[in-house]
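The sequence and the model come next.

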Amino acid sequence: MKYYSTQRPVSPGTFPRQGAGQIVNFDNKQFCEEIGRDAWGYIEYEEPLSAAQLEAYELVPGGMKKFWCVTTSVNDRGQVAANITNVIEAVCKPENSSTSTSRRDIYQDWFPSLEQAEKYVEEARNA
């Protein structure tokens with residue numbers, strides 16, 4: 001398992017020592033595609049770390065990415081409201097969903113970047 005250090009370079013006291021394998025520090029903070037954000041480096045472990053360890057050392061497991069939810073509401077008159085309503089970290093993008101009520105249709109669409117979510121909101125508002 002690979003865990004990324006997003007807050008600081010990996011150094012003594014910034015990660016759990018037990019079970020730690022290879023440690024890689026980057027020259028500068030850099031964007032890591034695997035987690036969808038910047039990191040200073042990573043540590044590899046043979047066994048998964050606990051949620052408490054991840055929180056205590058501010059580590060992000062490899063494979064985790066951020067996803068932004070845009071909720072769009074279209075009422076019976078055709079008026080549209082759209083906003084970014086949630087941000088989560090997950091391995092996979094959540095499923096898009098929709099709900100219909102007697103007065104409106106509500107859509108929740110997930111995007112892999114803030115820029116894509118913002119563009120979708122802008123397009124929905126101008127439609």
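In this predicted model, β5 (65–75) and α2 (114–125) each supply at least two residues of the lining of the largest pocket. Helices (H or I, at least four residues) and strands (E, at least two) are DSSP runs, numbered from the N terminus. Because the model is predicted, local features need pLDDT of at least 70 and side-chain atom pairs count only at pLDDT 80 or more, while totals for chains, interfaces and linings use all residues. Residues are numbered from 1 along each chain as its sequence is written, and side-chain values use heavy atoms, with hydrogens and water left out.

**Largest pocket**

- A pocket is an open set of points on a 1 Å grid over the protein atoms alone, where a 1.4 Å probe fits, with protein on both sides within 12 Å along at least five of seven lines.
- The largest pocket has a volume of about 200 Å³, a volume being the space filled by probe spheres set on the points, which are joined across faces, edges and corners.
- Lining residues, those with an atom within 4 Å of a point, are Phe31, Glu33, Gly36, Lys65, Lys66, Trp68, Pro112, Ser113, Leu114 and Glu115.
- β5 gives the most to this lining, with three residues.
- By class, the lining has four nonpolar, two polar and four charged residues; Ala, Val, Leu, Ile, Met, Phe, Trp, Tyr, Cys and Pro count as nonpolar, Asp, Glu, Lys and Arg as charged, and the others, Gly among them, as polar.

**Four-stranded sheet**

- An open sheet of four strands runs in the order β2-β3-β1-β4, with antiparallel pairing; two strands pair if DSSP finds at least two bridges between them.
- β2 and β4 (59–61) are the edge strands, each with a single partner, so one side of each has no neighbour in the sheet.
- Strand β1 (residues 2–5) pairs with β4 in the antiparallel sense over three bridges, and Val60 in β4 is the bridge partner of Tyr4.

- Ile23 is in strand β2 (residues 20–32) and counts as partly exposed because its relative accessibility is 38%.
- Buried means under 20% relative accessible area, exposed over 50%, and partly exposed in between (1.4 Å probe, protein chains only).
- Not counting residues up to four places away in sequence, Ile23 touches Val10, Phe15, Tyr42 and Ile43, where contact means heavy atoms within 4.5 Å.
- Thr72 lies in strand β5 and counts as buried, at 6% relative accessibility.
- Leaving aside neighbours within four places in sequence, the contacts of Thr72 include Val80, Asp105, Tyr107 and Tyr120.
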